Amino acid sequence: MADKQNVPVRKAVIPVAGLGTRFLPATKATPKEMLPVVDKPAIQYVVEEAVGAGLSDVLMVTGRNKRPLEDHFDRVDGLESALKDKGDEKKLALVQNASELADIHYVRQGDPLGLGHAVLKSHQHVGQEPFAVLLGDDLIDEANPILPKMIEVQERTGGSVVALMEVPADTINLYGCAAVEETGEDGVVRVTGLVEKPEPESAPSNLAIIGRYVLAPEIFDVLRVTPPGRGNEIQLTDALETLAADPDSAGVYGVVFSGDRYDTGDKISYLKAVVQLAGRREDLADELNTWLRDYVAALDAPQSGGASDR
């Protein structure tokens, strides 16, 4: 990975056109990205992560029924006036923060043709610059961010970078999976191949791609000619596989993540995110954690009056 001078990463793309069917009926009229994680919608955590990595130019690739996303990051004059009149400066600051987080743009995906197609829709906004892609389902704990390291690797190599995480071998069929080789740098690997949702017995590793990418602009040319793959969708994984195998490309690298990550599109992972993030907040931790300890103790306690007493 020789040093080279590259264009800095300045923009983030967040695909949010998915239907959220795993959370029906809650997502029938509410975008899945707007489901609250404690007292903020999941999508706000993702935007805050991008901004925290220095990416304040954000493009959301939306679909039908996603208007509440735009409303959340817009000004709400009536609400702000009401909070001002009440003198509630704390809540007013929370409301205004969402609309002042970043310079947010929107483009419609139109037809749900896959993640690769959603990324391709960002080309006009991104241009010929490297850019980050953050999936709205994935929350990365702010205590251990991965995006800054990914950006550093991309700017140093000129290639594309994916976030990787070790998962149990029997769950690799839920993810894109990477074949890798060592680079000599701790936590950074070179990706030699990618497979979308392989069967465990044929997976090249237990390294799964999670929802963070930092992509070189050459990805757009590849996506344009990438045919539909798994699920009859244009898969970003397939385009990255092409780049990984192309000796004329700048290559594909992986940064291995070892922190906390939550899939808010999965019910159990969503509940874990709510409990763990709330359990770390100064205003909620004491009461919540005390209740959780009591609740778990009650579950573990012998039950009286049940079948075992008869």
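**Reading the model**

Mentor: Let us begin with one residue and its surroundings. Leaving out residues up to four places away in sequence, Ile43 touches Ile14, Val16, Glu33, Met34, Met60, Leu69 and Phe73, where contact means heavy atoms within 4.5 Å. The model is predicted, so local features need pLDDT of at least 70 and side-chain atom pairs count only at pLDDT 80 or more, while totals for chains, interfaces and linings use all residues. Residues are numbered from 1 along each chain as its sequence is written, and side-chain values use heavy atoms, with hydrogens and water left out.

Trainee: How many residues does the largest nonpolar core have, and which have the most contacts inside it?

Mentor: A nonpolar core is a set of buried Ala, Val, Leu, Ile, Met, Phe, Trp, Tyr and Cys residues joined through side-chain atoms within 4.5 Å. Buried means under 20% relative accessible area, exposed over 50%, and partly exposed in between (1.4 Å probe, protein chains only). Here the largest core has 49 residues, and Ile14, Ile43, Val47 and Met60 have the most contacts inside it. Helix α1 (residues 42-52) gives the most to this core, with six residues; helices (H or I, at least four residues) and strands (E, at least two) are DSSP runs numbered from the N terminus. A second, separate core of 29 residues includes Ala118, Val189, Ala244 and Val252.

Trainee: How is the packing of two helices described?

Mentor: Two packed helices are described by the angle between their axes and the distance between the axes. Axes are lines fitted to C-alpha atoms, for helices over the stretch in contact, and angles run from 0 to 180 degrees between N-to-C directions. Helix α3 (residues 77-86) and helix α4 (residues 89-100) pack at about 160°, with axes 9 Å apart. That makes α3 roughly antiparallel to α4, a term for angles over 145 degrees. The contact is made by Leu79, Glu80, Leu83 and Lys84 of α3 and by Lys91, Leu92, Val95 and Gln96 of α4.

Trainee: Which residues of helix α7 are buried, and what covers them?

Mentor: Helix α7 (residues 147-157) has Leu147, Met150, Ile151, Val153, Gln154, Arg156 and Thr157 as its buried residues. Among the elements that cover them are α1, β6 (131-134) and β8 (160-166). Just after α7, Gly158 takes a positive phi of about 80°.

Trainee: Is Gly20 buried or exposed, and which residues does it touch?

Mentor: Gly20 counts as buried, at 11% relative accessibility. Apart from residues up to four places away in sequence, Gly20 touches Thr27 and Lys32. Gly20 and Asp266 are 246 residues apart in sequence and 9.7 Å apart in space, C-alpha to C-alpha.

Note on methods: Parallel < 35°, antiparallel > 145°, perpendicular 65-115°, else oblique.
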